[in-house]
Amino acid sequence: MGKTLTEKIIAAHLVVGEMIKGEEIGIRIDQTLTQDSTGTMAYLQFEAMEVPRVKTKKSLAYIDHNMLQEGPENMDDHRYIQSVAKKHGVYYSKPGNGICHQVQIERFGVPGDTLLGSDSHTPTGGGIGMLAIGAGGLDVAVAMAGDPYYITMPKVVKVELTGKLRTGVSSKDVILEVLRQCTVKGGVNKVFEYTGDGVKTLTVPERATITNMGAELGATTSVFPSDEMTRVFLEAQGRGGDYIELSADADAIYDEVVTVDMDALEPLTACPHSPDKVVKISEIEGLAVNQVAIGSCTNSSWLDLMKVAAIVKGKTVAENVSLVIAPGSKQVLTMLAENGALADLLNAGARVLECGCGPCIGMGQAPSTDAVSLRTFNRNFFGRSGTPSADVYLLSPEAAAISALEGVLTNPLGKIDLPKIAMPEHFLLNDTMVMAPAPEGVEVEVIKGPNIKPFPATQPLKNTVAGKALIVVEDNITTDHIMPSNAKLLPYRSNIPYLSNYCLAPCDAEFPQRALDNGGGFIVGGSNYGQGSSREHAALAPVYLGIKGVAVKSFARIHKNNLINNGILPLVFASEADYDTIELNDELVIENALEAVKSGKANLINKTKGLTYVMMLEVSERQKEMLLAGGLINLIKLKK
Ligand code: F3S
């Protein structure tokens, strides 16, 4: 029987378990990446494991999220990451070198490799034929230590691309169409594998836009074959030696099929406040626009920005619009500077930011009150822009550029006349902002400023787990709700005691203090709880606040794993209707928690209401061990 590409890469890396759909498997990780927002904690955890050098083929530490320096905290964090990376065998990408996923594709991605990154958009690497997965920082620390990464053997969805994109229609529209069809919940425990004749027409950066935003499906990852387009890209990056051909067998069997006819595709946009609220731009054209932001790990490649420069060349950004552009990498920005496209952008009235996440993570450029902001980014969750009253629409660079000129949301189809922009034969190669680690055996001092606080300690599970329902939240709570990540808070990502003051504050500002006053308790939530990012702080802050269990209708994958890694019980209502009966401050208890974890089923007693809820603990044997030990670090220490 033929194999999918996903199955081939997994088979080549399988170290624990069998490739049976739905069963847990452990895979060897070739490459890891961290960014600064999750990296400090990942390296603190790696240090706690007392492993002298990373055991991966290549590990990278990027600084791209928090580039503002309003106090010493950020630079102290960067200095810590730089020194700890140098000591333990990790390459360090300086601030200004670019967004982790863009740089990884350009300089380090290798077809057929596995990549684990402490950032939810790590699947971007699937654009170059990697099996690239986003995870919590602790998972990445464990992978750096040489241990396997555990996933549920995924279902594989065939995404059949037919036809060819018309001018004005972009690969962003392909992934928006997939999101429209499958929704933000449609990808759980699935890999989206792209096939069909249309694949051959897409360059690696276009593919990377699709795999990047595949994260919004909640998918394990997305992957493209490694083919002639991949070879051309790698050659142009001076890395032709990394190329191998990779594709699914012709008779591979898929679990589901999604089809996108690129000939018929129209420019799309995701409306506020969810990436799957997708409509045709033509349906809402004419909406007045205040801000256009181009960049992020989704659409900041050389190809993207060359298209934008060609559209705005010789024209002027509309009076009412602020156009901001954050190039994805130093390579992109330098090439734009050298070929004159940067001047075209500046002459048109664009503001060019440094190479980093910038407005995507709310680091500056918050829109004005009640503004309409068009963004080429991957997420438009409520409040993420820094302005809760703003309406953020996600769209392609082409649509963003033409709308910036017109001052209103504009359908680019038929309105832009783009010259054919060929991939350069040679990208500009200059890796001076990537620091190699110290050779093995060389002493390196790890520098820890006052903002670096140890991660909160956890305890082995007790047999009685009791506490109040300290907060009751609705469906689709994101990690941005659980642990907001804005310009004010990012400098404290290595300081959990400080950050925990803001845990779930967008839902209920009193929650953190209530949790501390009660000595901890339970969080109660709806479906898809913890969707969004791999932000481990969304589990670490609850640990600090004494949260013992999170009882929900359903979990988002990465957040659930992060809770388990940190010893918090992930409880799922067997009957969703039970959720409706719990109120704030209800007294809850699990009386036989050790046995409940072992059996995968708990009775959660609501003493206030006199009710008993059956809760499922959908965890693997290995995760059960973690929960009993009070988290992964405790378990690793126990097994030493
Ligand atoms: Fe950065 Fe936004 Fe991507 S925060 S890693 S550009 S999703």
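User: Which domains supply at least three residues each to the lining of the largest pocket?

Analyst: In this predicted model, domain 1 (5-261) and domain 3 (465-639) each give at least three residues to that lining, with bounds taken from an automatic or database domain assignment. Local features need pLDDT of at least 70 and side-chain atom pairs count only at pLDDT 80 or more, whereas totals for chains, interfaces and linings use all residues. Residues are numbered from 1 along each chain as its sequence is written, and side-chain values use heavy atoms, without hydrogens and water.

User: What makes a residue part of the lining of the largest pocket, and which lie closest to its centre?

Analyst: A pocket is an open set of points on a 1 Å grid where a 1.4 Å probe fits, with protein on both sides within 12 Å along at least five of seven lines, and a lining residue has an atom within 4 Å of a point. The volume here is about 770 Å³, and of the 34 lining residues the closest to the centre are E24, N561, S620, R622 and Q623. Two or more residues come from each of α5 (137-144), β8 (149-152), α18 (557-565), α20 (621-629) and α21 (632-639), and α18 gives the largest share, 5 residues.

User: Why is α5 called mostly covered?

Analyst: Buried means under 20% relative accessible area (exposed is over 50%, partly exposed in between, 1.4 Å probe, protein chains only), and 8 of the 8 residues of α5 are buried, among them D139 and M144. The helix is followed by G146, whose phi is positive, near 100 degrees.

User: How do you know that K8 and D249 form a salt bridge?

Analyst: The rule asks for a side-chain nitrogen of Lys or Arg within 4 Å of a carboxyl oxygen of Asp or Glu, and the closest N and O atoms of K8 and D249 are 2.9 Å apart, so the pair meets the rule. K8 lies in helix α1 (residues 5-13) and D249 in the loop between α8 (228-236) and β12 (256-261), so the pair ties together parts that are 241 residues apart in sequence. K8, at 27%, and D249, at 31%, are both partly exposed.

User: What makes K307 and E206 count as buried or exposed?

Analyst: K307 has a relative accessibility of 12% and E206 has 13%, so each counts as buried.

Notes
Points joined across faces, edges and corners; volume = space filled by probe spheres on them. Helix = DSSP H or I, 4+ residues; strand = E, 2+ residues; numbered from the N terminus.
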